[in-house]
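Hi there,

Here is the structure I promised to pass on. Please have a look, and my notes on what turned up follow just below it.

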Amino acid sequence: MGGSDRSRHQVNSKWKDLQKKCNVFNGIYNRKMNNVASRRSEADVLQSSLSEYQRTINQKVGEDSPPPSSKRTKTSSSNAYRSSSDPQYPLGFSPQQQQSFSIEDSPPQRKRKGKKAESTSSIENEMFDLLKQIAGIKTATETQAEQRQRYQEQKLRILEASEKRKTQLLDREIENQDMEYFLRPHDHLT
């Protein structure tokens with residue numbers, strides 16, 4: 001639309017990347033909303049979700065990533081335990097063989113083809129800006145709803161006061177009619 005010269009593949013690949021990130025954030029946000037403390041507002045949950053999402057993205061990129069969780073397995077000969085997430089030593093090697101095995105012996109990693117990926121920080125910044133806009137819209141919508149509610153309540157109070165006033169006026173009119181009747185001369189009545 002609008003004369004863009006991007007191919008379907010280019011648009012689709014950007015969408016897949018964005019969709020993955022949105023799904024990750026959505027999962028974090030929904031989990032936090034389901035476990036929200038009674039005193040926390042949606043804005044607090046959103047802020048907490050954003051910071052957790054930022055940490056998650058940084059870990060996936062490789063910054064500040066903690067060691068992965070691992071299961072321990074017993075090696076057969078030495079009765080020692082070894083972590084399954086430890087990539088340095090394959091299972092079944094003796095301690096002497098494990099010491100001689102190093103990461104340098106592993107095959108070299110394949111280089112990526114094509115142009116470098118767009119900086120994840122710019123995509124993240126766009127996503128955070130979008131989320132802030134959504135939160136602002138949601139807040140504005142909630143404010144408008146609260147104003148409408150207050151207006152409805154005020155209108156109801158005015159109507160109730162008006163009805164009460166009408167009732168009072170009717171009662172006074174009946175009293176006045178009764179007084180007029182009593183003040184008339186009654187000499188002709190038996």
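Salt bridges come first: there are four of them in the structure, which is a predicted model. As background, side chains with opposite charges can pair when their charged atoms come close.

Let me start with Arg31 and Glu52, whose side chains form a salt bridge with an N to O distance of 2.4 Å. Arg31 belongs to helix 1 (residues 8-34) and Glu52 to helix 2 (residues 42-61), so this pair ties together parts that are 21 residues apart in sequence. How exposed are the two partners? Arg31 counts as partly exposed because its relative accessibility is 40%. Glu52, at 16% relative accessibility, counts as buried, since the cut-off for buried is under 20%.

Glu52 also has a salt bridge to Lys32, at 3.1 Å from N to O. Here Glu52 is again the helix 2 partner and Lys32 sits in helix 1, so the pair links parts 20 residues apart in sequence.

Another salt bridge joins the side chains of Glu42 and Lys138, at 2.3 Å, N to O. Glu42 lies in helix 2, while Lys138 lies in helix 4 (residues 120-183), so parts that are 96 residues apart in sequence are tied together by this pair. Both ends are partly exposed: Glu42 has a relative accessibility of 32%, and Lys138 has a relative accessible area of 38%.

Now a quick check on helix 1 itself. With 27 residues at 1.5 Å a residue, helix 1 should span 39 Å, and its end C-alpha atoms are 37 Å apart, which agrees. The buried residues of helix 1 are Lys21, Phe25, Ile28 and Tyr29.

Met179, Tyr181, Phe182, Leu183 and Leu189 make a nonpolar surface patch of about 590 Å². One of these residues, Leu189, is found in the segment after helix 4. Leu189 has a relative accessible area of 45% and is therefore partly exposed.

That is my tour for now.

Best wishes

Notes:
Residues are numbered from 1 along each chain as its sequence is written. This is a predicted model: local features need pLDDT of at least 70, side-chain atom pairs count only at pLDDT 80 or more; totals for chains, interfaces and linings use all residues. Side-chain values use heavy atoms; hydrogens and water are left out. A salt bridge is a side-chain nitrogen of Lys or Arg within 4 Å of a carboxyl oxygen of Asp or Glu. Helices (H or I, at least four residues) and strands (E, at least two) are DSSP runs, numbered from the N terminus. Buried means under 20% relative accessible area, exposed over 50%, partly exposed in between (1.4 Å probe, protein chains only). The expected span of a helix is 1.5 Å times one less than its number of residues. Patches are made of residues with over 30% relative accessible area and no salt bridge: like charges are joined within 9 Å, nonpolar side chains (Val, Leu, Ile, Met, Phe, Trp, Tyr) within 5 Å. Accessible areas come from the Shrake-Rupley method with a 1.4 Å probe; for residues, only the protein chains shown count as cover.
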